[in-house]
Amino acid sequence: MGLRLVAGLLPLWLAACAVSPPQPPADDAEEAWRDRVAELSSRDEWRLQGRLALAVGEERWNAHMRWQQRDAAYDIRVYGPFGRQAARLQGDEDGVVLHTREGATHRARDADGLVYHALGWRLPVSGLRYWILGIPAPYGDLEDRDLDVAGRASRLRQGGWTVRYQRYDETRRPALPDRMTLEYDEIRLRLVMDDWRMDP
């Protein structure tokens, strides 16, 4: 791994080690969890900017990300060094389109399958739309989960992916994840959310 890539990933690794301040325990963590899932499941307009570090086997990438969600429609843009757009994924109920840096355009009905076909590795776009809010996707079995004392997810396991939440942004109501890690076989994706914008 080159020194430049190590330098780029080091802030993400250090940030993921940060410990969240203690949270007041909920009177009933399970009830708080159910209320949280119900509230965030109804929020379908939001935007975020963040950073990602992706490891697939021995390969490593890091990039910036912008995600805009409006109802079922999403627009995900990934930027490499110097703000250069590396990929753009746009989708809704009718299908998904992936634009690559090389100028290629790929279309499909399923985002997860399209990413795997075009890039050769899995990225759980459909599940991530919910996991990034700290809740399980409404389809597929939730295989396992752990809650913190405030009734928020500290770990989810769904669709073969293990999602761990290292920290929540306490300035927001409800609090939203700002440090998380996803793992599936040899894939490891670390996300740091720098800026959340959620409509009421």
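This is a predicted model: local features need pLDDT of at least 70, side-chain atom pairs count only at pLDDT 80 or more; totals for chains, interfaces and linings use all residues.
Visitor: Which strands does helix α2 lie across?

Guide: Welcome! Helix α2 covers residues 29-41 and lies across β7, β8 (153-158), β9 (161-169), β10 (176-184) and β11. Against β7, helix α2 runs at about 120°.

Visitor: In what order do the strands of the sheet stand?

Guide: To read a sheet, follow it from neighbour to neighbour. Here 11 strands form an open sheet, and the order is β6-β5-β4-β3-β2-β1-β11-β10-β9-β8-β7. The pairing is antiparallel. On average, neighbouring strands of this sheet are turned by 15° against each other, direction ignored.

Visitor: Which strands stand at the edges?

Guide: Those are β6 (105-108) and β7 (142-147). Each has a single partner strand, so one side of each is left without a neighbour in the sheet.

Visitor: And which strands does α3 touch?

Guide: Helix α3 packs on the sheet and touches β3, β4, β5 and β6. The direction of α3 makes about 30° with that of β5.

Visitor: How many residues lie between β4 and β5 in their hairpin?

Guide: Two residues lie between β4 and β5 in that hairpin.

Visitor: Now for empty space. How do I find where it is left?

Guide: The general idea is to roll a probe the size of a water molecule over the atoms, which shows where empty space is left. In this model, the largest pocket holds about 720 Å³ of space.

Visitor: Which residues lie nearest the centre of the largest pocket?

Guide: Val 78, Ala 86, Ala 87, Leu 119 and Trp 121 lie nearest its centre, out of 27 residues that line the pocket. Elements giving two or more residues to this lining include β1 (45-56), β3 (73-79), α3 (111-119) and α4 (125-131). The most comes from β2, with five residues.

Visitor: How many residues of that lining are nonpolar?

Guide: The lining of the largest pocket has 21 nonpolar residues, along with three polar and three charged ones.

Conventions
Residues are numbered from 1 along each chain as its sequence is written. Side-chain values use heavy atoms; hydrogens and water are left out. On a 1 Å grid over the protein atoms alone, a cavity is a set of points where a 1.4 Å probe fits but cannot get out, and a pocket is an open set with protein on both sides within 12 Å along at least five of seven lines; lining residues have an atom within 4 Å of a point. Grid points are joined across faces, edges and corners, and a volume is the space filled by probe spheres set on the points. Helices (H or I, at least four residues) and strands (E, at least two) are DSSP runs, numbered from the N terminus. Ala, Val, Leu, Ile, Met, Phe, Trp, Tyr, Cys and Pro count as nonpolar, Asp, Glu, Lys and Arg as charged, and the others, Gly among them, as polar. Two strands pair if DSSP finds at least two bridges between them. Axes are lines fitted to C-alpha atoms, for helices over the stretch in contact, and angles run from 0 to 180 degrees between N-to-C directions. Contact means heavy atoms within 4.5 Å.
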